[in-house]
Amino acid sequence: MIIGLLIGSAIGGLILWLLAKNVGKISNATFGNSFLVCLISSAINFAIWYLMGTDAFRMGFAGIFVINLIILSAAYITVGKFIWKCEWMQSVKANIIWIIVYTLFMGYTLSKFS
């Protein structure tokens, strides 16, 4: 699981680095700190879902979808703001494209289960 988190964060860090540089206009964004944004945000997301346990499944697919979107968005935008040392809006701009793509992908995936 840790290896998957590291690989996913490396791929996500590369994508997020390009988004931070080109869309968010964050001058000090590097692959390294973008990797950290992905790693820390993913760890926060995992920890919150772990603490919620199996009770989270009572929310149904729609509830899981909304809660996961809120947790991920808050984590990525907040962690990005502090690691990149940028303005809130720059962090939002850097993260919004991948959040929208992730939301569409998650919505499509969950629709296949219902």
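**Helices and their buried residues**

In helix H1, the residues Ser9, Gly12, Gly13, Leu16, Leu19 and Ala20 are buried, where buried means under 20% relative accessible area, exposed means over 50%, and partly exposed lies in between (1.4 Å probe, protein chains only). This is a predicted model, in which local features need pLDDT of at least 70 and side-chain atom pairs count only at pLDDT 80 or more, while totals for chains, interfaces and linings use all residues. Residues are numbered from 1 along each chain as its sequence is written, and side-chain values use heavy atoms, with hydrogens and water left out.

Helices (H or I, at least four residues) and strands (E, at least two) are DSSP runs, numbered from the N terminus. The expected span of a helix is 1.5 Å times one less than its number of residues, so the 21 residues of H1 (residues 2-22) should span 30 Å, which agrees with the 30 Å between its end C-alpha atoms. The buried residues of H1 pack against helix H2 (31-52), helix H3 (60-84) and helix H4 (88-111), contact meaning heavy atoms within 4.5 Å.

For H2, 22 residues should span 32 Å, and its end C-alpha atoms are 31 Å apart, which agrees. Its buried residues include Phe35, Val37, Cys38, Asn45 and Trp49, and what covers the buried residues of H2 includes H1 and H3. Just after H2, Gly53 takes a positive phi of about 65 degrees.

Helix H3 contains Leu72, which is buried with a relative accessible area of 7%. Not counting residues up to four places away in sequence, Leu72 touches Asn45, Trp98 and Tyr102.
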